[in-house]
Amino acid sequence: MSLAPSVPASSEVAHPKGQWSPKPVLSAAEVAARIPTGSTVFVGGSGGGLQEPGRLLAALEERFTTEAAPTSLTIWHCSGIGDRESTGLNHLAHEGLVKRVVGGHWGMAPKMADLAQRDVIEAYNLPQGVIAQLLRETGGKRPGLVTGVGLRTFVDPRVEGGRLNAVTTEQIVELVELAGQEYLFYPAPHMDVALLRATCADELGNLSFTEEASMLEAFSAAQAVKANGGKVYAQVKYLTEAYAMHPHTVKVPGALVDGVVLAPDQPQTSRQYYQPAFTGAVRAPATSLPGLPKGPRRVVAERAAEELTPHSVVNLGVGMPDGIAQIASERGLTKKLAFAVEHGHIGGTPAGGVEFGAVYNPAVSMDAAYQFDYFDGGGLDIAFLGVAEVDQYGNVNSSRPKGAISGAGGFINITQGTKRVVFCGSFTALGARFDIGGGQLRVTTEGQVHKFVEEVAQITFSASRARELGQEVLYVTERAVFTLGDEGLELIEIAPGIDLQADVLDRMDFTPVVRDVALMDPAFFQ
């Protein structure tokens with residue numbers, strides 16, 4: 001395979017107009033110049049730089065800051081895109097550039113979330129899996145997606161309809177009834193432009209993703225935009241001649257692509273230029289994977305890991321739950337479990353932190369929408385998710401911590417499709433410090449914020465819906481473990497060394513059901 005550009009930059013004029021014809025190699029600035037005011041733009045990628053078309057986003061920002069154009073864009077995206085600092089959708093966080101954003105997760109782009117927080121833009125949060133599946137429906141020119149995902153949560157139009165601020169008034173989710181059952185209907189959007197990233201493009205625009213850390217939803221997004229008569233542009237690391245790539249590596253056919261931008265220095269993630277263990281090119285030894293240091297995060301991961309059973313398919317959410325993968329690796333359980341992340345991987349050890357969505361040594365990598373089909377269909381045996389707030393009913397807020405806009409990501413799909421759900425988080429927030437050792441836990445400084453509240457600020461997980469679905473639910477913290485019962489939250493375990501009244505019940509805004517309370521295993525506190 002030749003990795004040198006085989007067509008000159010901006011060589012569009014020589015190409016015929018058919019779908020299956022050589023595609024122009026453009027500069028990022030040329031792509032930015034082709035995005036009209038008022039367009040609806042789908043941005044591919046995920047947090048931590050996974051498949052992020054960073055060169056295209058930066059060029060669009062540059063055009064706006066120099067020309068004040070385009071304006072009033074509507075942005076759609078599945079995952080959080082950015083590094084929690086300045087990359088990804090942070091490039092587009094300018095008043096006037098963006099009118100509306102519909103996203104699955106907002107936490108990776110704090111500058112964009114700030115615009116929504118201040119009522120500068122219209123803002124929606126829909127489940128990540130819903131958006132991924134909705135792209136397929138849009139690409140097939142179907143009217144939209146009908147699903148139970150989101151019922152009774154903040155996405156339900158009877159609650160908030162996924163709207164995140166006061167200036168967002170249009171309802172884009174509908175409650176419908178089919179065969180006597182309630183569902184949510186998400187209408188198919190009209191999309192004008194897709195900005196994607198791949199590893200390699202050939203002269204015909206066929207795209208391969210061999211060095212990408214996740215497959216995500218590039219094909220579905222390209223098809224959705226082309227079905228609406230729009231334009232698809234892809235940033236790539238390599239260019240090659242037509243038919244040089246193995247057909248099994250091509251995930252987006254050139255017929256769906258209108259132009260490519262060469263970015264030979266594009267990193268695989270925002271933290272690593274290229275990690276071959278993310279792609280299956282090599283297998284990283286377990287001893288080379290990051291360890292989990294002593295502390296409350298490790299305590300939660302060790303207690304939660306007790307819920308693992310061999311030969312299960314397991315989902316780990318972002319944040320505190322990702323430590324469970326490290327505990328499983330330390331215990332030699334990785335080959336007896338299949339970790340599945342919503343970005344499309346099954347098997348291996350999920351990466352943590354900002355690179356969440358990448359996996360070391362994956363066994364399977366598929367498009368995200370099909371992974372969500374698997375999740376929605378009950379494929380997962382157990383799921384471990386993070387938590388910002390829990391209320392007396394057992395509802396969980398993980399999408400709006402302390403009122404800030406973060407977003408649900410794949411949380412709603414996962415928690416409504418899995419039989420056993422374990423929520424993992426600290427008991428209080430902001431400043432809690434502990435003395436851990438000798439098989440005991442002692443609180444030396446208490447957290448300033450209670451996380452067990454009378455009512456959550458936003459319902460990301462609906463306890464009433466969980467009861468309807470017959471789910472088993474646990475809530476694991478460093479000092480206490482709860483279960484979801486018919487009467488609400490029930491306390492079932494506390495850490496050795498903890499005072500039940502002073503360290504647990506007095507730090508809650510409600511009184512849980514308390515019957516027989518056991519001690520957590522002292523081994524977690526050595």
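Let's start with a hairpin: β31 and β32 form one, with three residues between them. Helices and strands here are DSSP runs numbered from the N terminus (H or I over at least four residues for helices, E over at least two for strands). This is a predicted model, in which local features need pLDDT of at least 70 and side-chain atom pairs count only at pLDDT 80 or more, while totals for chains, interfaces and linings use all residues. Residues are numbered from 1 along each chain as its sequence is written, and side-chain values use heavy atoms, leaving out hydrogens and water.

Look for L474, which stands opposite T483 in β32. β31 also has a parallel partner, β25 (residues 420-424), with five bridges between the two. There, R420 has E472 of β31 as its bridge partner. Strand β31 is mostly covered, with four of its five residues buried, where buried means under 20% relative accessible area, exposed over 50% and partly exposed in between (1.4 Å probe, protein chains only).

Now move to an open sheet of three strands, in the order β6-β8-β7 with antiparallel pairing. Its edge strands are β6 (144-147) and β7 (174-178), each of which pairs on one side only. On average, neighbouring strands of this sheet are turned by 35° against each other, direction ignored. Axes are lines fitted to C-alpha atoms, for helices over the stretch in contact, and angles run from 0 to 180 degrees between N-to-C directions. Four bridges link β6 and β8 (residues 181-187) in the antiparallel sense, and V146 stands opposite F185 in β8. Helix α4 (residues 128-139) packs on the sheet, touching β6 and β8, and its direction makes about 130° with that of β6. Contact means heavy atoms within 4.5 Å.

Our last stop is another helix. Which residues of α3 (residues 110-117) are buried? They are M112, A113, L115 and A116. These residues lie on the same side of α3 because they cover an arc of only 155° around the axis, the arc being that of the directions from the helix axis to the C-beta atoms. An α-helix has 3.6 residues a turn, so residues three or four places apart point the same way. The buried residues of α3 pack against β4 (98-103) and β5 (122-125). After α3 comes D119, whose phi is positive, near 65°.

Methods. Pairing = 2+ DSSP bridges.
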